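Notebook open, viewer open. I want to go through this model piece by piece and jot down what I look up.

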Amino acid sequence: MCRIVSFVSGSGGVGQTSLIYSLSKMLSEKNFRVCVFDGHFNLNVISLKYNSVEDHDLMEYIAGNLGALEVLCSENAYLKFVKCNCITFNYLAHFELIKAFILELANHFDYILIDANSNAKKQLSLALECSNEAILILSNELCSIRSGAKILQKIYFYENILSVNIVLNKIRVIAEICGNALGEKEISEIFKIAPLFVFPKFYKNNIFENKKAGTKTERMLYEFCESFLRNERIEGDYKKQYSGLLGYFRRKFYEKYE
């Protein structure tokens, strides 16, 4: 069964696109068939990261000129991606056709990673309707946490999504949540899910682009890839630190409500 995973975030600049790019490269190195779908129509956010001599476009499929596999651009033998260059593209008029396109690709790939545009409600709905998993990426920004909690509530309405996970890109994110005195509702939404992975420091650049990235960053990315593959949480020094911090704030906030 193909894992179709929507990556969403509460705000921009949290490392969502860079993480998808790194993950797709790692999975393809393991000879998994991976397709990345750029859900930021008209912007080509993640498509710009890949190197391809092909210049195919989703519009060619919409117009009926190319089939689902023919419209894909190739990064390597195992990694493909989909882009949309038309700045006047009306995705709402082709909502169901794009869904059918993604589901057709699922017959040919092990993983489809969707870089969802969480700021556009209809584009986010399109990504979630096609997915069987969702990963929410959070930073320690106030808007990221507030919007992330709302996105979590939205995800729960999609019965097709069988797995929901959270990735934190700063170990201090829980401290920031509480430090910013968010309401009990937002905090409880975040605490419902144990993080799939925690990056101790702000994760922005990936190891494939940042030549100065240290071995610790590289190790963390590969550990995240293994965690993603098994859909399990793995333990490490930073996970232990996070668990202790999370336990402290759980007691601090929930004891007074019991």
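**Start of the chain.** I looked up what Met-1 touches: leaving out residues up to four places away in sequence, Met-1 is in contact with Asp-110 and Asn-132 (contact means heavy atoms within 4.5 Å). Met-1 belongs to the segment before β1; helices here are DSSP runs of H or I with at least four residues, strands are runs of E with at least two, and both are numbered from the N terminus. Met-1 is exposed, at 85% relative accessible area. For that I use buried for under 20% relative accessible area, exposed for over 50% and partly exposed in between, with a 1.4 Å probe and protein chains only. I also checked Met-1 against Ala-106: they are 105 residues apart in sequence, yet 8.1 Å apart in space, C-alpha to C-alpha.

**Ground rules.** This is a predicted model, where local features need pLDDT of at least 70, side-chain atom pairs count only at pLDDT 80 or more, and totals for chains, interfaces and linings use all residues. Numbering runs from 1 along each chain as its sequence is written, and side-chain values use heavy atoms, with hydrogens and water left out.

**Overall counts.** I get 9 helices and 8 strands in the protein chain. Of its 258 residues, 55% are buried. Taking contacts between residues at least 6 apart in sequence, 80% join residues at least 24 apart.

**The sheet.** In what order do the strands of the open sheet run? I read β3-β4-β2-β5-β1-β6-β7-β8, 8 strands with mixed pairing; two strands pair if DSSP finds at least two bridges between them. The edges are β3 (73-74) and β8 (197-198), each pairing on one side only.

I then zoomed in on β5 (residues 111-115), which runs parallel to β2 (residues 34-38) with 5 bridges joining them. Val-36 has Leu-113 as its bridge partner in β5, and Asp-38 has Asp-115. β1 also pairs with β5 in the parallel sense, over 5 bridges, with Val-5 opposite Leu-113.

Why is β5 largely enclosed by the rest of the structure? Because 5 of its 5 residues are buried. Both faces are covered: Tyr-111, Leu-113 and Asp-115 are buried on one side, Ile-112 and Ile-114 on the other.

**Helices on the sheet.** Helix α1 (residues 16-29) lies across β1 (3-9), β2, β4 (79-82), β5, β6 (133-138) and β7 (163-168), at about 165° to β5. Helix α3 (residues 95-105) also packs on the sheet, touching β1, β2, β4 and β5, with its direction at about 165° to that of β2. The axes are lines fitted to C-alpha atoms, for helices over the stretch in contact, and angles run from 0 to 180 degrees between N-to-C directions.

Most residues other than glycine have a negative phi. Asn-31 sits in the loop between α1 and β2 and is partly exposed, at 48% relative accessible area.

**Cysteines.** How many disulfides are there? The count is 0, with a disulfide taken as a pair of cysteine sulfur atoms within 2.5 Å. For Cys-35 the nearest cysteine sulfur is that of Cys-2, 8.6 Å away. Cys-73 has its closest cysteine sulfur in Cys-35, and at 9.8 Å that is too far for a bond. Cys-35 is buried at 0% relative accessible area, and Cys-73 is buried at 0% too.

**Rings.** I count 9 aromatic pairs: rings of Phe, Tyr and Trp (its six-membered ring) with centres within 6.5 Å, stacked for planes under 30 degrees apart, edge-to-face for over 60 and tilted for the rest. Tyr-61 and Phe-101 make a tilted pair, 4.6 Å centre to centre with 50° between the planes. Tyr-61 and Phe-101 are buried.

Phe-224 and Phe-228 form a tilted pair as well, at 6.5 Å and 35°. They lie 4 residues apart in helix α8 (residues 215-230), about one turn. Ring pairs also link them into a cluster with Phe-7, Phe-32, Tyr-111 and Phe-197.

Last, the charged end of Arg-3 sits over the ring of Phe-228, 4.3 Å from its centre. The test is NZ of Lys or CZ of Arg within 6 Å of the ring centre and within 35 degrees of the ring normal. Lys-49 has its charged end over the ring of Tyr-21, 5.9 Å from the centre.
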